[in-house]
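Notebook open, model loaded. I'll jot down what I look up as I go.

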Amino acid sequence: MGHGGERRRLQAHDGELGAAVARAQDGDEAAFAVAYRIVQPGLLGYLRGIVGDDAEDVASDAWLEIARDLGRFKGDGAGFRGWTAIIARHRALDHLRRQRVRPRATMLEQDVLDLPGPHSTHEQALESLSTERALELVQGLPRDQAEAVLLRVVVGLDGLAAARVLGKRPGAVRTAAHRGLKRLARQLGVRDAADEGFGSPHG
């Protein structure tokens, strides 16, 4: 997959995140706040894609559970991002079941689409979208593709972590993300570049 810029930026914080989580597990409230600041933007972007305008409320519920169960977590910074995404997804699906509505495809806002670097086709494609256009296009993605794109690009998870969140095989998640990003690029009129830039869905 070619979406290295945003994921590298997120993963650059994993060392700091892992250290903060370890301190938070020892009772350091300031360290928990550090972990929250690192994880929350991507988590909120992911939740917006599932529950739309209710994302803030669902995120609050998720963080209450994260704080409550923090002592049970074992892993590094990247593992913590994956763990929080699993909790957030469960809270989002519970929320949707209570509302008796089907999950929306995605609702991305411009801050979520602020991906750095002109190095890959899909990043260029996403950066070129206005908020209104982003909503229009991404809402058209099948839900599996939308969630895969959100987890890989917005939350910054690798294929294995995203697969754990979704309860699917890594290959299926990579393929869904590949197809979703390629579809967005094609809709933006960068078909040829998309074919070159996305590479294999198995990468």
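**Entry 1: layout**

In what order do the elements of the protein run from the N terminus on? I read α-α-α-α-α-α-α-α-α-α-α. The count is 11 helices and zero strands. Here helices (H or I, at least four residues) and strands (E, at least two) are DSSP runs, numbered from the N terminus.

Ground rules for my notes: this is a predicted model, where local features need pLDDT of at least 70, side-chain atom pairs count only at pLDDT 80 or more, and totals for chains, interfaces and linings use all residues. Residues are numbered from 1 along each chain as its sequence is written, and side-chain values use heavy atoms, with hydrogens and water left out.

**Entry 2: confidence**

I checked pLDDT, the predictor's confidence in each residue, from 0 to 100. The protein has a mean of 77, with 67% of its residues at 70 or more. Helix H4 has the highest confidence, at 95, while helix H11 (residues 191-197) has the lowest, at a mean of 44. Residues 105-119 have pLDDT below 50, and this stretch makes 49 contacts in the model beyond near neighbours in sequence. Residues 192-203 are also below 50, with 24 such contacts. Contact means heavy atoms within 4.5 Å. Where pLDDT is low, the predicted coordinates should not be read in detail, so I leave those stretches alone.

**Entry 3: whole-chain numbers**

I looked up burial next: buried means under 20% relative accessible area, exposed over 50%, and partly exposed in between (1.4 Å probe, protein chains only). Of the 203 residues in the protein, 52% are buried. The accessible surface is about 9700 Å², and carbon and sulfur atoms own 47% of that. Those areas come from the Shrake-Rupley method with a 1.4 Å probe; for residues, only the protein chains shown count as cover. For contacts between residues at least 6 apart in sequence, 69% join residues at least 24 apart.

**Entry 4: helix H4**

I went to H4, residues 55-69, and checked its length. Its 15 residues should span 21 Å at 1.5 Å a residue, and the end C-alpha atoms are 21 Å apart, which agrees. The expected span is 1.5 Å times one less than the number of residues.

Which residues of H4 are buried? I list Ala55, Val58, Ala59, Ala62, Trp63, Glu65, Ile66 and Asp69. The arc is that of the directions from the helix axis to the C-beta atoms. Asp57, Leu64 and Arg68 are exposed on the other side of H4. What do the buried residues of H4 pack against? They pack against helix H3 (29-51) and helix H5 (77-99).

Gln40 is found in H3 and is buried, with a relative accessible area of 10%. Leaving aside neighbours within four places in sequence, Gln40 is in contact with Ala59 and Trp63. Arg91 and Trp63 are 10.0 Å apart in space, C-alpha to C-alpha, and 28 residues apart in sequence.

**Entry 5: the core**

Of its 45 residues, Tyr46, Phe80, Leu151 and Leu157 touch the most other members. H2 (14-25), H3, H4, H5, H8 (143-155), H9 (159-166) and H10 (170-187) each supply at least two residues. Which helix gives the largest share? H3 does, with 11 residues.

Not counting residues up to four places away in sequence, Tyr46 touches Ala85, Arg89, Glu147, Leu150, Leu151, Val154, Val155, Val165 and Leu166.

Ile50 lies in H3 and is buried, at 1% relative accessible area. Ile50 and Leu96 are 46 residues apart in sequence and 8.7 Å apart in space, C-alpha to C-alpha. Arg81 and Gly42 are 9.1 Å apart, C-alpha to C-alpha, across 39 residues of sequence.

**Entry 6: helix H2**

H2 has 12 residues and reaches 16 Å from its first C-alpha to its last, close to the 16 Å expected. Asp14, Leu17, Gly18, Ala20, Val21 and Ala24 are buried in H2. They fall within an arc of 165 degrees seen down the axis, so they line one face of the helix. Just after H2, Gly27 takes a positive phi of about 100 degrees.

Key
Core = buried A, V, L, I, M, F, W, Y, C linked by side-chain atoms within 4.5 Å.
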